[in-house]
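Subject: Handover of the two-chain model

Hello,

Here is the structure I promised to pass on. Please look it over first; my notes follow.

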2 protein chains.
Amino acid sequence: MKVFNLQDTAKYSKDRPYRELLFDSPNLRVLNFNFEPGQELPVHSHPSDSEVALLILEGEGVFTGGPEEIPARPGILQIMPVTEPHGLKAQTRVRLLVFIAPTL
Amino acid sequence: MKVFNLQDTAKYSKDRPYRELLFDSPNLRVLNFNFEPGQELPVHSHPSDSEVALLILEGEGVFTGGPEEIPARPGILQIMPVTEPHGLKAQTRVRLLVFIAPTL
């Protein structure tokens, strides 16, 4: 069993989104991304049979990649096959938790 | 793509923990449990090769099932194979998000 306190990973980088790999097994990968205002996770997709779940922990931004931008704020959870384009643009500091299953 | 607003599932039941299945595919199941004070997810395990991630969204309680109880509060994320006993006791109202990969 592993226990994480997400307070411990509230780190940011001016250069690029801060990225921390929390958990990695063949079944599940869990990542935390933290964005400064204006930083983004570029729209991307993967040719794999996996799902990705994107949970906003803090901050405000927009989910990109779909036919229209979707407001991203705390408590918004987006889930999709990784084959669907997905991304995020931060308007404030944003904390994002990502689950990928199975791991790519 | 599916988008959930976890504000919409902030529901509780006096009889038993409120449970809502948010997403279900062979790769990933996502559930939201909401507990009244004193309600619990009994310690349990499954004989499957899957991982479970338990994220506290709101409230205070304790994770049970391990050799010692672990404080459960917002931002605490527990990840383990589903073969390891896991459970939760709520002290206040607690909101829990559960990811199971792959689905049992």
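Which residue of chain B stands opposite Q78(A)? V3(B), in strand 1 of chain B.

Some ground rules. This is a predicted model, in which local features need pLDDT of at least 70, side-chain atom pairs count only at pLDDT 80 or more, and totals for chains, interfaces and linings use all residues. Residues are numbered from 1 along each chain as its sequence is written, while chains are lettered from A and ligands numbered from 1 in the order in which they are written.

The strand pairing. Strand 8 of chain A and strand 1 (residues 2-5) of chain B run antiparallel, joined by four bridges. (Strands are DSSP runs of E, at least two residues, numbered from the N terminus; two strands pair if DSSP finds at least two bridges between them.)

The contact. Chain A puts in 27 residues, and chain B puts in 27 residues. (Two residues are in contact if their C-beta atoms, placed from the backbone, lie within 7 Å.) On the chain A side, at least two residues each come from strand 1 (2-5), strand 5 (51-58), strand 8 (76-81) and strand 10 (94-101). Strand 8 of chain A gives the most, with five residues.

Best wishes
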